[in-house]
Amino acid sequence: MAEKDLDTTGLFGEFRRMVRTTGTVGGIAARMAGHRLGFKGDGAAHAEDLKAILGGLKGPLMKAAQLLATIPGALPDEYATELAQLQSNAPPMGWSFVRRRMAAELGPDWQKNFREFGREAAAAASLGQVHKAVLQNGEVVACKLQYPDMTTTVEADLKQFRMAMGVYHKLDNAIRQDDVIEELTDRLREELDYKREAANLRLYDIMLKNSAAVTIPKTVDALCTRRLLTMEWVNGQGLQKVLDTNPTQEERNTMARALFEAWYVPLYRYGIIHGDPHMGNFTVREDFGFNLLDFGTIRVFRPRFIRGIIELCEALRTKDEDRAAHAYEMWGFTGLSRETMTVLNEWASFLYEPLMEDRERTINENAETIFGRDIAGRVHTGLQKTGGVKPPREFVLVDRSAIGLGSVFMRIGAKLNWHRMFQDLIADFDEDALAARQAEVLKAAGLSEFINK
């Protein structure tokens, strides 16, 4: 009997998912509405409930909300606080599911490829789980296997997500989220294709080939499909475990430099960013370098957008409002009044501050409990007063990465000259040269066919 494709459950699977999530999302929308209309409730408790419910779902709805939580005012504070810390705690697939999934991807004799294959999941990913295995040649690998029914899961979750955000937007127009939601929709759909993620790994291996502090696992292309990603197993510890050993300041700085390199060499040299820098997506090597592990959320930018990032930093440093306005136009913002731009500058100044001061410092000297949360509240209020703003699609993952990495740098306790590190990266910036490098690495990694700019 032919193995059933567990992802072709169609409307039935989507309906089941909607039944599970509609009550959750409807409740979120109702509580948001009550909050905005002045009805007081226990918002923190509701947010805790939301985190527990979404963490129990396998991936998409939780991840979309988590990404949106990094944009100032896009969600009420208590929801943003909880969702920014959320990671999936979904129960793993059992061995019978795993065997069926592996047979669907590699054929009924799939086990012939492996000398050993771990029956228990070694780790959870947002859309699947990871099993440790040994190939016939003795190579130790990680097999990331997508959960069943994820195609319909994503589509059902996205419908519910749009519904909740539509209700919220009617009550609070500080952030007009149309393009933001389209961006998150496209990125989540891309994550379903593990062939694309394998190409993303090859891409990062090429871009960071000269970065000794960062390890990118090699893919085993013969054992990769749209729903199975097989790659080199890399050894490392979770960041919190390392921090619990109380590393020295130099060791902390080494970790921070590695992460800075891993995220910003690709951005400023190639116009490409890893959009999900939470701590589950990397491990620490013995030498305090980093292994990067998850490459589902990769964004390719227009070279002009990267120029806009650099221009805005310089405009804020020199307090040049006309230059800042031009930089926002490069990003894709349209119709900004000077009042709205002044509000946006407060958020941008917070993100850029460490890059503008030529001295060693921590990433956030105000030591706020949650990176940027107080400033986000002020920015949200300011945007409401000035008529709101519609962020361009490309803004989403740059903002997400800056906030996510800032939080990690705070946790590490690094003290570095961030200004010098940034200036070294952009010293020879040229849009045309970046465009040429970008096209070259996309082609070399086999990604050109996937990219729709």
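Partly exposed is the label for a residue whose relative accessible area falls between the buried cut-off, under 20%, and the exposed one, over 50%. Keep that in mind for the close-ups below, which all come from a predicted model.

**Figure 1. The whole chain before we zoom in.** Count up the secondary structure and you get 17 helices and 10 strands. The chain has 453 residues, and 55% of them are buried. Take the contacts with a separation of 6 or more: 74% of these are between residues 24 or more positions apart. Salt bridges turn up too, with 31 found across the whole structure.

**Figure 2. E394 and its two arginine partners.** Which residues does E394 pair with? One of them is R302, whose side chain meets that of E394 in a salt bridge of 2.6 Å, N to O. R302 sits in the loop between β10 and α11, while E394 sits in the loop between α14 and α15, so this pair ties together parts of the chain that are 92 residues apart in sequence. R302 has a relative accessible area of 33%, so it counts as partly exposed. R299 also forms a salt bridge with E394, and here the closest N and O atoms are 3.9 Å apart. Because R299 belongs to strand β10 (residues 298–300) and E394 to the loop between α14 (373–385) and α15, this pair links parts that are 95 residues apart in sequence. E394 is buried, at 8% relative accessible area, and R299 is buried as well, at 13%.

Figure 3. Side chains of opposite charge can pair when their charged atoms come close. R226 and D193 do this in a salt bridge of 3.9 Å, N to O. The two come from distant parts of the chain, 33 residues apart: R226 is in the loop between β5 and β6, and D193 is in the loop between α7 (178–191) and α8 (194–207).

Figure 4. β5 runs parallel to strand β9 (residues 290–292), and 2 bridges join them. Within that pairing, V214 stands opposite F290 in β9.

**Figure 5. Zooming in on A262 in helix α10.** A262 is part of helix α10, and its relative accessibility is 0%, which means it counts as buried. What does A262 touch, once neighbours within four places in sequence are set aside? Its contacts are Y204, L208, V214 and L292. A262 and A213 are 49 residues apart in sequence, with 8.4 Å between their C-alpha atoms.

Figure 6. Strand β4 (residues 140–146) and β6 run antiparallel, joined by 5 bridges. Look for L145, which stands opposite L228 in β6. Strand β6 (residues 228–232) is mostly covered, with 4 of its 5 residues buried. Moving on to the loop between β4 and α6 (150–171), you'll find D149. D149 counts as buried because its relative accessibility is 13%.

Figure 7. In helix α12 (residues 321–331), the buried residues are A324, A325, A327, Y328, M330 and W331. Among the elements covering them are α11 (303–318), α13 (338–356) and α15 (395–412). D320 caps the N-terminal end, with a side-chain oxygen 3.2 Å from the backbone nitrogen of D322. After α12 comes G332, which has a positive phi, near 110°.

**Figure 8. D399, a buried charge without a salt bridge.** D399 is in helix α15. Although buried, D399 has no salt bridge, and R400, the nearest side chain of opposite charge, is 8.5 Å away. What D399 does have is a polar contact of 2.9 Å between its side chain and that of W347.

Methods: Residues numbered from 1 in each chain as written. Predicted model: local features only at pLDDT ≥ 70, side-chain atom pairs only at ≥ 80, totals over all residues. Heavy atoms only, no water. Buried < 20%, exposed > 50% of the residue type's maximum accessible area, 1.4 Å probe, protein only. Pairing = 2+ DSSP bridges. Contact = heavy atoms within 4.5 Å. Polar contact = N/O pair within 3.5 Å; in protein donor to acceptor, adjacent residues only side chain to side chain. Lys, Arg positive; Asp, Glu negative; His and termini not counted. Salt bridge = Lys/Arg side-chain N within 4 Å of Asp/Glu carboxyl O.
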